[in-house]
Amino acid sequence: MDALIESHIPQPGPMRFTSSVPGEAAVRLRRAFYGLMAAPEPPGPALLLPLPLPDPEPALRTAPLYVLTRVLAGPEVVVTRYADPAREPAGAGDAHLAVHEDTRDPVQLGLADVVFRSGAPDDPRFGPPGRWAAEVLDRHRHCALAAYVTGPSSCVVRTREGALLRLTAVAEADADPAVYASAVHAWLAAGRTLAALVEDGLTVRTGSTDHHVVVAAEADGPTTGGTRQRPSPTPAGRSTAHANDADTPRAGRRSPRTGS
């Protein structure tokens, strides 16, 4: 080790690897660009504006959400969520697992029934919400519904069957829109129809509070080449358990944390 340290020759600095003519990039680039346009260069010096530093973003902390749901008579779903409990909470209803796409435990994404994230609908990192949701369903074959939270009272969801919906809470509702996505998953898992949701909306009950949600069909936007993004079809060789996921969202799964 001592010999390696004594014989170590430091590599040239980063400037050596960035440019063969340090400090001359602006002059040479402007000359090349104006030459390509067959136009005279401006008389002033060639200067580069420094790029602004990005705003710091705090680290996102997420936890898998164990969700208990009960579908009541009429368009109403009771939802109770537990953040990564040490043991699966006991309670009446059907269970599913909702996981943020940026979870620090990617194994949970393979078990998730609902995958969600939050962001601006025009965030170039993810593309339009409908396309992002289609890509999530294609990537996570166990997932039954993908939800992109676009604001404090709305989200866009796509089902495994390809339906694209916008969920918008009425003025007095103040729950996390990902709760509404879990309610839609529970509704479909119970065998209820999308048509009823679009026609009547949905009431989501959390604790003692009712949140009224308008459900509207969302138009699929075109992707590059003019085609529409759709989840890939279910492979013929998938297991029975996963094939059921693709046809009808699963109800009554009691162990989302272990996958059993």
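This is a tutorial chat about reading one predicted protein model.

Colleague: What should I know before I start?

Modeller: The model is predicted, so local features need pLDDT of at least 70 and side-chain atom pairs count only at pLDDT 80 or more, while totals for chains, interfaces and linings use all residues. Residues are numbered from 1 along each chain as its sequence is written, and side-chain values use heavy atoms, with hydrogens and water left out.

Colleague: Okay, cores. Which residues of the largest nonpolar core touch the most other members?

Modeller: General idea first: in soluble globular proteins, nonpolar side chains tend to be buried together. A nonpolar core is a set of buried Ala, Val, Leu, Ile, Met, Phe, Trp, Tyr and Cys residues joined through side-chain atoms within 4.5 Å. Buried means under 20% relative accessible area, exposed means over 50%, and partly exposed is in between (1.4 Å probe, protein chains only). Here the largest core has 31 residues, and the ones touching the most other members are Val-157, Leu-167, Tyr-180, Leu-202 and Val-204. Helix α5, residues 177–189, gives the most to this core, with 9 residues. Apart from that core lies another one of 14 residues, including Leu-109, Val-115, Ala-133 and Cys-143.

Colleague: Can we zoom in on one residue? What does Leu-202 touch?

Modeller: Contact means heavy atoms within 4.5 Å. Leaving out residues up to four places away in sequence, Leu-202 touches Pro-75, Glu-76, Val-77, Ala-183, Val-184, Trp-187, Leu-197, His-211, His-212, Val-213 and Val-215.

Colleague: Now the strands. How many bridges does β1 make with β3, and is the pairing parallel or antiparallel?

Modeller: Helices (H or I, at least four residues) and strands (E, at least two) are DSSP runs, numbered from the N terminus. Two strands pair if DSSP finds at least two bridges between them. In this model, β1 (residues 65–72) pairs with β3 in the antiparallel sense, over 5 bridges. To see one of these spots, find Tyr-66, whose bridge partner in β3 is Leu-97.

Colleague: Why is β4 called largely enclosed by the rest of the structure?

Modeller: Because 4 of its 5 residues are buried.

Colleague: What kind of unit do β4, α4 and β5 make?

Modeller: Picture the strands pointing away from you: a crossover is right-handed if the path from the first strand over the helix to the second runs clockwise. That's the case here, as β4, helix α4 (residues 129–139) and β5 make a right-handed β-α-β unit.

Colleague: How many salt bridges does a search of the whole structure find?

Modeller: A salt bridge is a side-chain nitrogen of Lys or Arg within 4 Å of a carboxyl oxygen of Asp or Glu. The search finds 12. One of them joins Arg-205 and Glu-76, with the closest N and O atoms 2.5 Å apart. That pair links distant parts of the chain, with Arg-205 in β8 (residues 202–206) and Glu-76 in β2 (residues 76–83), 129 residues apart. Arg-205 is partly exposed at 28% relative accessible area, while Glu-76 counts as buried at 16%.

Colleague: Which residues do salt bridges with shared partners join into one network?

Modeller: Start with Glu-101 and Arg-117, whose side chains meet in a salt bridge (2.6 Å, N to O). Glu-101 sits in the loop between β3 and β4, and Arg-117 in β4, 16 residues apart. Glu-101 is buried at 16% relative accessibility, and Arg-117 is buried at 5%. The network joins Glu-101, Asp-102, Arg-117 and Arg-139. Arg-139 lies in helix α4 and is partly exposed at 47%.
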